[in-house]
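Here are a few friendly notes to read alongside the structure. Please keep the view open and follow the points one by one.

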Amino acid sequence: MRQRRKLLRAANILKAALLTYREAVYDIDLTKADFQDGILHLYQNQRSITTRSKRGPFPSHIITSIEHREAALAHNQCTTAMALLGCLTWKLLAGEMARKVITGVSQDLHLLGVVSTIEILDLHIGKPLVPTKLIPGPDSSDCPHTVLKVQRLFTDEDWILDTAGCQYGFRDVLVPFEKYIADKACRISSQPTAYNATETKDLDFFSTLSFMNMTRTQREDRELERKARLHFAAFVNTRVGKDLLDGSDAGFKDKFDSFVSGLNLHMLSLADK
């Protein structure tokens with residue numbers, strides 16, 4: 001029970017970290033949002049590949065609903081989440097035994113010891129609660145959604161950890177594997193693989209794709225995102241203590257709130273650099 005509680009706490013920290021990062025480094029020129037026919041529509045000023053993205057704090061005055069704001073922040077961000085949260089995920093979840101299972105870890109992460117194995121899983125969501133659509137923008141309804149599959153060592157417990165599920169209206173970030181697949185009518189795209197992402201893994205891959213390097217603006221935008229990712233990683237490496245998941249529920253709430261406010265201030269300070 002104690003390890004399950006730590007797993008849930010870690011999941012909530014990871015979701016909060018993603019949303020806090022996006023709140024400070026939002027790269028969509030959002031102009032309006034409305035909820036019609038069960039779909040959250042997000043209206044943007046679409047830019048060309050020669051125009052730099054509008055990057056800055058999320059325009060919170062446009063969306064007042066907490067659920068809808070989280071959906072807007074997480075829209076199409078599961079790939080970002082897998083990379084951005086890599087170091088923090090290992091630091092919170094991977095004990096020394098699990099560390100031997102996970103490949104590609106080259107840093108001393110000062111692991112906290114929630115013993116688990118961690119895999120990355122692509123699937124299609126068949127039953128979103130509240131789909132999110134960017135207008136104008138490509139139809140992403142058939143795009144795969146990426147989550148983490150976590151199994152605690154020495155148990156048969158498999159869990160789905162879904163930090164970006166709020167883009168579909170999913171509130172729970174940690175759900176038993178079979179329940180997640182059944183409730184959301186998921187179709188698994190491929191077999192799970194070892195989770196070995198760094199905070200810039202996706203950006204490193206994008207830099208090899210010719211269509212994402214056609215203009216100087218594309219390359220400059222990616223470097224700005226890389227700078228923000230490394231700034232985030234610096235917070236994780238220096239400000240996430242070994243006792244973050246410990247303590248009473250009231251004590252954890254205080255540490256959770258402190259983590260979120262500290263990360264927010266840290267990310268906003270990027271503008272001064």
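1. Let's start with helices H4 and H8, which cross in a left-handed way. This is a predicted model, so please read each point below as a description of that model. H4 covers residues 86-93, and its axis lies 9 Å from that of H8, at an angle of about 15°. Because angles under 35 degrees count as roughly parallel, H4 is roughly parallel to H8.

2. Which residues of H4 meet H8? On the H4 side they are Cys87, Leu88 and Lys91, and their partners in H8 are Phe232, Val236 and Asn237. Sorted by class, the contact of H4 with H8 holds four nonpolar residues, one polar and one charged.

3. While you are looking at H8, which spans residues 216-239, find Gln218 within it. Is Gln218 buried or exposed? Its relative accessibility is 16%, so Gln218 counts as buried; the cut-off for buried is under 20%.

4. Ile49 is 169 residues away from Gln218 in sequence, yet their C-alpha atoms are 6.4 Å apart in space. Leaving aside residues up to four places away in sequence, Gln218 touches Ile49, Phe211, Met212 and Asn213.

5. Next, please turn to H1 (residues 2-24) and H9 (residues 249-268), whose axes come within 9 Å and cross at roughly 25°. That angle makes H1 roughly parallel to H9. The crossing of H1 and H9 is right-handed.

6. The H1 side of this contact includes Arg5, Arg9, Asn12, Ile13 and Tyr21, while the H9 side includes Asp249, Phe252, Phe256, Phe259 and Met267. By class, twelve nonpolar residues take part in the contact of H1 with H9, together with three polar and three charged ones.

7. As general background, nonpolar side chains in soluble globular proteins tend to be buried together. In this model the largest nonpolar core has 57 residues, and the members touching the most others are Leu85, Leu88, Leu92, Leu161, Phe232, Phe259 and Met267. H1 supplies the largest share of this core, with ten residues.

Terms used:
Residues numbered from 1 in each chain as written. Predicted model: local features only at pLDDT ≥ 70, side-chain atom pairs only at ≥ 80, totals over all residues. Heavy atoms only, no water. Axes fitted to C-alpha atoms, helices over the stretch in contact; angles between N-to-C directions. Helix = DSSP H or I, 4+ residues; strand = E, 2+ residues; numbered from the N terminus. Parallel < 35°, antiparallel > 145°, perpendicular 65-115°, else oblique. Left-handed = near helix turned anticlockwise from the far one by under 90°. Contact = heavy atoms within 4.5 Å. Nonpolar A, V, L, I, M, F, W, Y, C, P; charged D, E, K, R; others polar. Core = buried A, V, L, I, M, F, W, Y, C linked by side-chain atoms within 4.5 Å. Buried < 20%, exposed > 50% of the residue type's maximum accessible area, 1.4 Å probe, protein only.
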